[in-house]
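Visitor: Please put the sequence and the structure on the table, and then I will ask about local details.

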Amino acid sequence: MEAHRERLVKIGLDAKTIDNLLKGKGALQSVIATLDIVNVQETNKKIGNLLYTLSQKIKPTIENRREILARYIVEEKIANTLQLDAALEYVEAHRIEHDLNVAEFDQAAGVGIVVTPEQIAQAVAQFIQEVNDELKQIRYHYNFTEYVKKARAKVPFADGALLTKELKAQIEAFLGPKTADDDKPAEKKVKQVEEEDQRKIKLSDLVGRDLASLKNTPELLEWKKKNFEFDILTRFPPEPNGYLHIGHAKSIRFNFLLAQEYQGATYLRFDDTNPEKECQEYIDNIKENLRYLGYKPFKTTHASDNFEKLYEFAVQLIKLGKAFCCFLKKEEASKLKDSKQPSPYRDTSVEQNLEIFRKMRYGYYKENEVCLRAKIDHTNTNPTLRDPAIYRIRFTPHPHTGNKWCIYPLYDFTHCLCDSLEGISHSCCTLEFEVRRDLYYWVLETLNLYRPHVWEFSRLNVSNTVLSKRKLHQLVFDKIVDGWDDPRILTLNGLRRRGYTADAINDFCARVGVTRRGNENVIGMHVLEHCIREDLDKKAPRTLAILDPIKVVIDNVPEDFSENVELPLFPRAPEKGKRVVRLTKYIYFDKQDVRQEDHQDFWGCAPGKLIGVKQCGPFKVVSVTENEVHLERLPANAEKPKGHLHWLSSEEAHPCTIRLYDLLFTAYNPNELDDFLTGINKNSIQVFNNSLMHKDLVNSKPEDKFQFERLGYFTLDFDSKDGKFVWNRTVTLAETDKVKAQLQVEGKAKKA
């Protein structure tokens, strides 16, 4: 391990990054593999950091391109992250090609391109000219994010900060000062959005209870205006102590779209105040989740960036007589809080509190021996105002600040201060935080700091699963599911591995909307499934696969019989092409479509029946045994069969594994159970190791998506390697009878 540390130092990585790498396994292995592939033992900081970035961003689907990407970095053909991101995007888009088109790759990655400030200004001026008429009409109601994207298309490798600054300056020069009408939302646009979605939130709606403490003075408003270029600033503030789930996707979408609607911007801020549960793995994954969903924060910050300022604010509270150091044990403090009794340390002098707090910072006391409490009102009806703890001792290295601190601020103290320091205009969170709003504003009012608007919305609950971070932790660490990306849970990693697209997830969040109807409402899983069906119907080409194969012989054709059959890739869009498959003497059916004894409600294959073989006409079933079916092909003008079975030629079949997923919980709302684990569905996954797929799929890469005729929509899993193919079923082709019946019982079924 020390050899690895020495090597990482020699390529210019900082101590914090090295420490985080050495704690993990996968990330370190990827860095070493990247260095080894280009034989780098020592290099400058710029190249070393780019090689590190490559090692963390490269996907399994483009592993074969690691060498050329690393070589381009070492040769300084790729000299910054903009070029690296473009290069990664190109190789991902061309991942199925055996040989890389070097000329195209160089052009896509901006090899040899240097963009000067003059070129940026010229490109922006050209863009302004193109949108001249539009800008005159809509003025400051333009979509800044969209304009940046279009301007960047003219100078793809320009410095982002310079481009943004130049665009804003030229637009302001073109339009002149804002008028009163410019500060109002665009009426036409708002009206259109409201017609599409009645649940759209307006800024005027985002004001909660009328607390005197939320009022900003003219001086504070001027401070905000002077220090921040955007009037509307929102933030997505995850705690990096787990993986994001679909509830976070709803919050992400709300915060980003709210800011975009009013030409604002959104931070990604890590509220990293608990080093015992936080690590770099979670931080990196959260960033990747936002990228996957299609959102790009204008800044990424950490609460820990402000630890020194937060410490000074705590000192200021002590000096104001608004905070004290408390030596009570947690259980003792809880009893006093519940009974509205004061701490015996509440009236300690300012001088003593300052000395104790200083000693806390420098490690004089043990963990849990003493904490710093806000001195508010121990008799208040709101429990959060009964002298809450705001600092505690933890001798745990922090993933962002290392060993610099041994005292850490608590969330309620940190969150409001970071919102204020970052100039957040609208601090939006879920309803369970509403009771904490008084504390949020008490801190800011007491310290005379700028106060954002706070607004709470309903938490997302989805049927037949859990989204509680604590319960997800239990599922993962008790190995009830197979990690954070298990396709049965609604983490964004799990959904992605299951085959859910970013478009489908965002569509689901749009359909659910943002309301204040309470945290108890549950959205049926069928709504989410409908979104992915609708998306994949347009994106996933049709093909053939057999779940549990049984051999089929067509008796009345010769051994060398072969007939081409055309199947549309997208039946609703025939112009998108077709797949040609072969009907041969020996084919496969799915065992679930075959019975040795017929039944009046069974439309499949049974002795003596007339059946249809998809796109091949009518057949008569001659015989059926446990392991083999014999058919006789009938003339095309024979009696029309009731149903048609999917099939696969034995000459075009390739072995694979297919996983079928069901609801993780049989209970519609597991949160209502005394023990949510009693609602687990023990049959939530079925694995078929002897399945067959069409040979055309052997060139598929992980995350490729197809519709298997009659079986559902599937995506190729990352477990597919060394010639082995593993397919995960994303969703069935239609609502299952089980779900329909459950919805009927719950009174949630759609009326015909």
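This is a predicted model: local features need pLDDT of at least 70, side-chain atom pairs count only at pLDDT 80 or more; totals for chains, interfaces and linings use all residues.

Guide: Residues are numbered from 1 along each chain as its sequence is written, and side-chain values use heavy atoms, with hydrogens and water left out.

Visitor: How is α23 set relative to α24: roughly parallel, roughly antiparallel, roughly perpendicular or oblique?

Guide: Helix α23 (residues 502-512) and helix α24 (residues 525-539) pack with their axes 9 Å apart, at an angle of about 140 degrees. Angles under 35 degrees count as roughly parallel, over 145 as roughly antiparallel, 65 to 115 as roughly perpendicular and the rest as oblique. The angle therefore makes the setting of α23 to α24 oblique.

Visitor: How do the residues in the contact of α23 with α24 divide into nonpolar, polar and charged?

Guide: Contact means heavy atoms within 4.5 Å. Asp 503, Ala 504, Asp 507, Phe 508 and Arg 511 of α23 meet Val 527, Leu 528, His 530, Cys 531, Ile 532, Glu 534, Asp 535 and Lys 539 of α24. Ala, Val, Leu, Ile, Met, Phe, Trp, Tyr, Cys and Pro count as nonpolar, Asp, Glu, Lys and Arg as charged, and the others, Gly among them, as polar. The division is six nonpolar, one polar and six charged.

Visitor: Which residue's side chain is joined to that of Asp 717 by a polar contact?

Guide: Asp 717 lies in the loop between β24 (712-716) and β25 (726-731), and is buried (under 20% relative accessible area; exposed is over 50%, partly exposed in between; 1.4 Å probe, protein chains only), at 1%. Its neighbours, leaving out residues up to four places away in sequence, are Arg 659, Pro 702, Val 726, Asn 728 and Arg 497. A polar contact is a pair of N or O atoms within 3.5 Å; within protein, one must be able to donate a hydrogen and the other to accept it, and residues adjacent in sequence count only if both atoms are side-chain atoms. At 2.6 Å, the side-chain partner of Asp 717 is Arg 497.

Visitor: What is the relative accessibility of Gln 615?

Guide: Gln 615 is found in the loop between β16 (610-613) and β17 (617-624). Its phi is near 65 degrees, a positive value in a residue other than glycine. Gln 615 counts as partly exposed, because its relative accessibility is 47%.

Terms used:
Axes are lines fitted to C-alpha atoms, for helices over the stretch in contact, and angles run from 0 to 180 degrees between N-to-C directions. Helices (H or I, at least four residues) and strands (E, at least two) are DSSP runs, numbered from the N terminus.
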